[in-house]
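The following text walks through a single protein chain, from one residue to the overall fold. Please keep the sequence and the coordinates open while reading.

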Amino acid sequence: MINITIPTPDVSIAKQDNPQLSHIYGFTDFHLIPRDMGGIFMFYNDNEELLFVGKARKLRPRIKKHFEDSVSVIKNNRDEVTKIDVCLIEDPVHREIYETYIINELKAKYNVDKVLFR
């Protein structure tokens, strides 16, 4: 049997109520997310409910794209996101395994691919 544990986030950023600096949907700390590293990211709402899990070779641009893109899975629910957790995982196979595991273990609300629990 394979034993997988959800990794501890390396970076966690929270939405600001009234951000004074430049922001995207209330998030001002995107600079804390590595630009050129791979990993997985998790979007949460204010009830700590997991909304979406994704993976990327380059984390910061991919996460920002979810807030700017017209085809993002969360495009109609961007305002619901209040926290972003990021786990740095360079191996693409490990990213795939963690993403699928987290989606199904924590039942991510807006993930439609890789869902085994419905």
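**A walk through the chain**

P92 counts as exposed, at 51% relative accessibility. The classes used here are buried for under 20% relative accessible area, exposed for over 50%, and partly exposed in between, with a 1.4 Å probe and protein chains only. P92 is found in helix α2. From P92 to Q20 the separation is 72 residues in sequence and 37 Å in space, C-alpha to C-alpha.

Some conventions come before the rest. This is a predicted model, in which local features need pLDDT of at least 70 and side-chain atom pairs count only at pLDDT 80 or more, while totals for chains, interfaces and linings use all residues. Residues are numbered from 1 along each chain as its sequence is written, and side-chain values use heavy atoms, with hydrogens and water left out.

The chain holds two helices and four strands. Helices (H or I, at least four residues) and strands (E, at least two) are DSSP runs, numbered from the N terminus. In sequence order the pattern is β-β-β-α-β-α.

As for overall dimensions, the C-alpha trace spans about 50 × 30 × 25 Å along its principal axes. The radius of gyration of the chain is 14 Å, which agrees with the value near 13 Å that a compact globule of 118 residues would have. That radius is taken over C-alpha atoms, and the globule rule is 2.2 Å times the number of residues to the power 0.38.

Of the 118 residues, 41% count as buried. The accessible surface comes to about 7100 Å², and 49% of it belongs to carbon and sulfur atoms. These areas come from the Shrake-Rupley method with a 1.4 Å probe; for residues, only the protein chains shown count as cover. The chain carries 17 positive and 18 negative charges, whose mean positions are 6 Å apart. In this count Lys and Arg are positive and Asp and Glu negative, while His and the chain ends are not counted. Each charge is placed at NZ of Lys, CZ of Arg, CG of Asp or CD of Glu.

Which residues of helix α1 are buried? In α1, residues 59-68, they are L59, R60, I63, H66 and F67. These residues cover an arc of only 125° around the axis, which puts them on the same side of α1. The arc is that of the directions from the helix axis to the C-beta atoms. The cover over the buried residues of α1 includes β2 (39-44), β3 (50-56) and β4 (83-88).

Strand β4 contains V86, which is buried with a relative accessible area of 0%. Not counting residues up to four places away in sequence, V86 touches P9, D10, V11, I33, I40, F41, L59 and I63. P7 lies 79 residues from V86 along the chain, with 9.5 Å between their C-alpha atoms.

Back in helix α2, R95 is buried, with a relative accessible area of 6%. Its contacts, leaving aside neighbours within four places in sequence, are G38, G39, I40, K55, A56, R57, I89 and E90. The C-alpha atoms of R95 and F41 are 10.0 Å apart, across 54 residues of sequence.

The segment after α2 (92-105) includes N111. Is N111 buried or exposed? N111 is buried, with a relative accessible area of 4%. N111 and T100 are eleven residues apart in sequence, and their C-alpha atoms are 9.9 Å apart in space.

K107, in the segment after α2, has a phi of about 55° although it is not a glycine. K107 is partly exposed, with a relative accessible area of 47%. K114 also lies in the segment after α2, and its phi is near 65°, a positive value in a residue other than glycine. The relative accessible area of K114 is 28%, which makes it partly exposed.

Terms used: Contact means heavy atoms within 4.5 Å.
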